Amino acid sequence: MRFDRRPHLGNRDFLGIPAARTAKADNRAQILLLMKTRIFWLGVRHWALLFALILLSGCYPIGNATRPIPTAFVPAPQTAHRLVVFLPGRGDDLDGLKKSGIAQIIQREWPDADVELAAVTMAYYLDGHATLRLHNEVMLPALKHGYEQIWLAGTSLGGMGTLTYDRDYPGEIYGMILLAPYLGDSAVPKEIAAAGGLEPWNPGPAETLGPNTWQRELWRYLKTWSMDPARGRHVWLGYGDHDRLRKEIELMSPPLRSSHVLMVPGGHNWKTWKVAAPQLLQDASRDAETPPTHAHN
């Protein structure tokens, strides 16, 4: 299987675990410098302050938001009718996505799917324009191509990015494949659990996205799934029974159809996701219906 760039898709060059383990001191210094610069110049732009403490904790591919999002296009082995855009977790960059074999896993189940690996790494979230960049650099060219279906998928951080994209651009994608999505680490999940779940939870008035509000606003978006079941009709979710994010994931899953949620043995890693992904893709092919309609709230 070859990885190459698709000319007509344009010029395109947090929190998957485990993190990369090379060049820790240099990479941490680079991350801290970028973090301080972004916080100084962007003030309360959403994402920057949120990630500050996490950036101190380890080393992983950060990327360079001054450059186009790195991508690799894997053409379908058959005539392509759909496209799957796949976003990485914290521990992966473009090379990591290639080595994971996720493109081949997708195409074994969906041989009519082109796959676009899009390395929206930490730098793009820190820059505060991750979904906008993804929209302009990857999704718009794909939409112009005329695919019957465009799917967005991701692991951990990439799952969060997938959800945030659908929130920001409702109705643009046909469906989502979420592998252990990161949903934040604030007090909001505890608040939701204490309320008895997403449906009875009252998020309060909507707020402008910022470092102290983005997690509540993400959960507010997820709550719309319980208010309008059609919104979760094209969402498939997989995770491991020992995933460290399991509690949060299981707070978001009740509005989804039971056939769209898969828990497999394992933790927060590619070994687990490679088991879950084929089954989710099979289920999605069997259960997919008409594209969802969105009322953006």
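The following legends describe close-up views of a predicted model.

**View 1. Crossing of helices H6 and H7.** Helix H6 spans residues 130–145 and helix H7 spans residues 157–168. Their axes come within 10 Å and cross at roughly 85°. Because angles of 65 to 115 degrees count as roughly perpendicular, H6 is described as roughly perpendicular to H7.

**View 2. Residues in the contact between H6 and H7.** On the H6 side, the contact is made by Thr 131, Leu 134, His 135 and Met 139. H7 contributes Thr 164, Tyr 165 and Asp 168. Classified by residue type, the contact of H6 with H7 has three nonpolar, three polar and one charged residues.

**View 3. Ser 156 in the loop between strand E4 and helix H7.** Strand E4 covers residues 149–155, and Ser 156 lies in the loop between this strand and H7. The phi angle of Ser 156 is near 50°, a positive value in a residue other than glycine. Ser 156 has a relative accessibility of 0% and therefore counts as buried, the cut-off for that class being under 20%.

**View 4. Ala 180 in the loop between strand E5 and helix H8.** Ala 180 is placed in the loop between strand E5, residues 175–179, and helix H8, residues 188–195. For Ala 180, phi is near 50°, which is a positive value in a residue other than glycine. The relative accessible area of Ala 180 is 0%, so this residue is buried.

Conventions:
Residues are numbered from 1 along each chain as its sequence is written. This is a predicted model: local features need pLDDT of at least 70, side-chain atom pairs count only at pLDDT 80 or more; totals for chains, interfaces and linings use all residues. Side-chain values use heavy atoms; hydrogens and water are left out. Axes are lines fitted to C-alpha atoms, for helices over the stretch in contact, and angles run from 0 to 180 degrees between N-to-C directions. Helices (H or I, at least four residues) and strands (E, at least two) are DSSP runs, numbered from the N terminus. Angles under 35 degrees count as roughly parallel, over 145 as roughly antiparallel, 65 to 115 as roughly perpendicular and the rest as oblique. Contact means heavy atoms within 4.5 Å. Ala, Val, Leu, Ile, Met, Phe, Trp, Tyr, Cys and Pro count as nonpolar, Asp, Glu, Lys and Arg as charged, and the others, Gly among them, as polar. Buried means under 20% relative accessible area, exposed over 50%, partly exposed in between (1.4 Å probe, protein chains only).
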